Amino acid sequence: MDITTKKITVLGSTGSIGRSTLEVIAGNPDKFKVCALSANNNIDVLKEQILQFKPDVAALSDEKAANELYKWLKVSGVNSCHVLSGPQGVCDVAAYGESDFVVSAIVGAAGLRPTLSAIRAKKHIGLANKETLVMAGAAVMAEAHKNGVTILPIDSEHSAIFQCLEGHDKAAVRRLILTASGGPFFGKTLQELEFVTRADALKHPNWEMGAKITIDSATLMNKGLEVIEAHHLFGFSHDKISVVVHPQSIIHSMVEFIDGSVLAELSVPDMKGPIAYALSYPERINGVLKRVNLEDICTLSFHKPDTDTFKCLRLAYEALKEGGTMPAVLNGANEAAVGLFIKDIINFNMIPDIIEEVMDAHDNIGECDLESVSEADSWARAIAVEKFMEVKK
């Protein structure tokens, strides 16, 4: 891929990864140009982005917000940006013909169909939406292969693994080692977690992220989803993917080889690093990140994950081992449970309990085509709410 004025589509442009992507693009106008944007309903931020980046087309999945944006563009005299609306509008933006590269940064299961739309339009992908591969990894990777599409990871852990694997034969790899910060509750007991609040859970010690992924980090579900994502991206089985807690978030992941050597990727915790690498691959952009000063850091520590207290990680491994529609059920139940926690309807410890009960109730048919995945996702969300109502009684 030529990086000269590469035309970029950003799906989920008003979220944390979307905004960081636009920061990288704004800092490198000789290399990148925004041609399309999409968001859910954050019209105020999207207006600012349209004025700054002047995309050809923008879509809002919320149709009411899209109508408001359309009227605002007419009144403002901004006639160069075409507005699309609804889920199909977002898929159409993903497949926009002028785009060279699509950053998929929509949060949660909603990112699956737009990402597939981009792949089927033969757009190379920078993937920040891990749920796409968690839910339908086999189908998505098959579509990418069929259409000659490259999927470059934007998650910091998978970008690190990708960089460590470059130039090495897969047969020489003993295991992938994903690092986890441990989130805001590292070292706490189940009893201590009983009374934590949403505000407590949103205080990530190292990373600035959106609410859903920050809660997932606190439960260790985020790391579980990343294990499944790594399985599909790099083709290693569950027993060759390990997790280690590394509270400093300087080493973003590692690869251990059969000769006993380990390669690690280090940088300050800033998503602009992996975003810039995906946008410019195989080149690197000068000065994207602050430099790592190891003398100031002094200590890098590592710990075994506590999967008794934070059982979401264990549940994710179980879903990966079982396969079929179970990963989609895991993800759907998690999104529903986290949504209930964010609304202060359930406490923190109920999140993994609800997910486990939904997984236990699922009759896995063993297939993972898109229709089966979609049905499993909807079923899991409904049963998650049902389980909460049973507990409430």
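Let's start with an open sheet of four strands, in the order E9-E8-E10-E11 and with mixed pairing. Strands here (E, at least two residues) and helices (H or I, at least four residues) are DSSP runs, numbered from the N terminus. Two strands pair if DSSP finds at least two bridges between them. At the edges of this sheet you'll find strand E9 (241–245) and E11, each pairing on one side only. Neighbouring strands here are turned by 20° against each other on average, direction ignored. Angles run from 0 to 180 degrees between N-to-C directions, and the axes are lines fitted to C-alpha atoms, for helices over the stretch in contact.

Before going on, a word on what you're looking at. This is a predicted model, in which local features need pLDDT of at least 70 and side-chain atom pairs count only at pLDDT 80 or more, while totals for chains, interfaces and linings use all residues. Residues are numbered from 1 along each chain as its sequence is written, and side-chain values use heavy atoms, with hydrogens and water left out.

Strand E8 (residues 173–180) runs parallel to E9, and five bridges join the two. To find one of these spots, look at Ile177, whose bridge partner in E9 is Ser242. Helix H11 (residues 221–234) lies across E8 and E9, running at about 145° to E8; contact means heavy atoms within 4.5 Å. Most residues other than glycine have a negative phi, and most peptide bonds are trans.

Tyr281 and Pro282 are joined by a cis peptide bond, with omega about 5°. Pro282 sits in the loop between H12 and helix H13 (294–297).

Now for the other sheet. This open sheet has seven strands in the order E4-E3-E2-E1-E5-E6-E7, with parallel pairing. Strand E4 (82–85) and strand E7 (151–153) stand at the edges with a single partner strand each, so one side of each is left without a neighbour in the sheet. Strand E1 (residues 6–11) and strand E2 (residues 32–39) run parallel, joined by six bridges, and Ile8 stands opposite Val34 in E2. Helix H3 (residues 63–76) lies across strand E3 (57–60) and E4, at about 165° to E4.

Next comes a helix pair. Helix H15 (residues 326–342) packs with helix H16 (residues 350–361) at an angle of about 145°, their axes 9 Å apart. H15 passes H16 in a right-handed crossing, that is, with the near helix turned clockwise from the far one by less than a right angle. Among the residues making the contact are Met326, Leu330 and Phe341 of H15 and Ile351, Ile355 and Met359 of H16. By class, the contact has 12 nonpolar residues, one polar and no charged. Here Ala, Val, Leu, Ile, Met, Phe, Trp, Tyr, Cys and Pro count as nonpolar, Asp, Glu, Lys and Arg as charged, and the others, Gly among them, as polar.

On a 1 Å grid over the protein atoms alone, a cavity is a set of points where a 1.4 Å probe fits but cannot get out, and a pocket is an open set with protein on both sides within 12 Å along at least five of seven lines; lining residues have an atom within 4 Å of a point. Grid points are joined across faces, edges and corners, and a volume is the space filled by probe spheres set on the points.

The largest cavity has a volume of about 40 Å³. Leu193, Thr219, Thr309, Phe310, Phe348, Asn349 and Pro352 line this cavity.

The second largest pocket has a volume of about 350 Å³. Of its 23 lining residues, the closest to the centre are Glu265, Ser267, Gly273, Arg284 and Leu289. H12 gives the largest share of the lining, five residues.
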